[in-house]
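Here's a quick tour for anyone meeting this structure for the first time. Have a look at it below, then read on.

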Amino acid sequence: MKLEQFQKDDLKSLTEHRGFKILEELVKEMREDLYRQFDEAPMWDANIQMNLSLVQNQLKGAIYLIDTAKAKTKSIAKKS
């Protein structure tokens, strides 16, 4: 994706924004909660397996979005 300069600046300010930092903390909390559930859950229960899988997929999506924004910002900074 070819970004215009204003889009590059917006992306950089997004990853530095305090709201983005809060999202990172929420993802960290989601990860810790998933591990806690995994440690405590009876894994033979199909409903629990499905719930853990759902939470795992949500976490993967959130991590992907955050990592993509950070990676794009880094690659833009290197090109500048």
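This chain folds into three helices and has zero strands. Keep in mind that you're looking at a predicted model. Starting from the N terminus, the order of elements is simply α-α-α. The chain is more spread out than a compact globule, because its radius of gyration is 17 Å, well over the 12 Å that the globule rule gives for 80 residues.

**Overall shape and contacts**
- Along its principal axes, the C-alpha trace spans about 50 × 25 × 15 Å.
- Take the contacts with a separation of 6 or more: 64% of them join residues 24 or more positions apart.

**Surface and charge**
- You'll find 14 positive and 13 negative side chains here, with the centres of the two sets 10 Å apart.

- In soluble globular proteins, nonpolar side chains tend to be buried together.
- The largest nonpolar core here has 14 residues, and the ones touching the most other members are Leu 11, Val 27, Leu 34 and Leu 59.
- Two elements give two or more residues to this core: helix H2 (18-40) and helix H3 (46-79).
- H3 supplies the largest share of the core, with eight residues.
- For a closer look, pick Leu 34: setting aside neighbours within four places in sequence, Leu 34 is in contact with Leu 52, Val 55, Gln 56 and Leu 59.

Technical notes: Residues numbered from 1 in each chain as written. Predicted model: local features only at pLDDT ≥ 70, side-chain atom pairs only at ≥ 80, totals over all residues. Heavy atoms only, no water. Helix = DSSP H or I, 4+ residues; strand = E, 2+ residues; numbered from the N terminus. Rg over C-alpha atoms; globule rule 2.2 N^0.38 Å. Contact = heavy atoms within 4.5 Å. Lys, Arg positive; Asp, Glu negative; His and termini not counted. Charge placed at Lys NZ, Arg CZ, Asp CG, Glu CD. Core = buried A, V, L, I, M, F, W, Y, C linked by side-chain atoms within 4.5 Å. Buried < 20%, exposed > 50% of the residue type's maximum accessible area, 1.4 Å probe, protein only.
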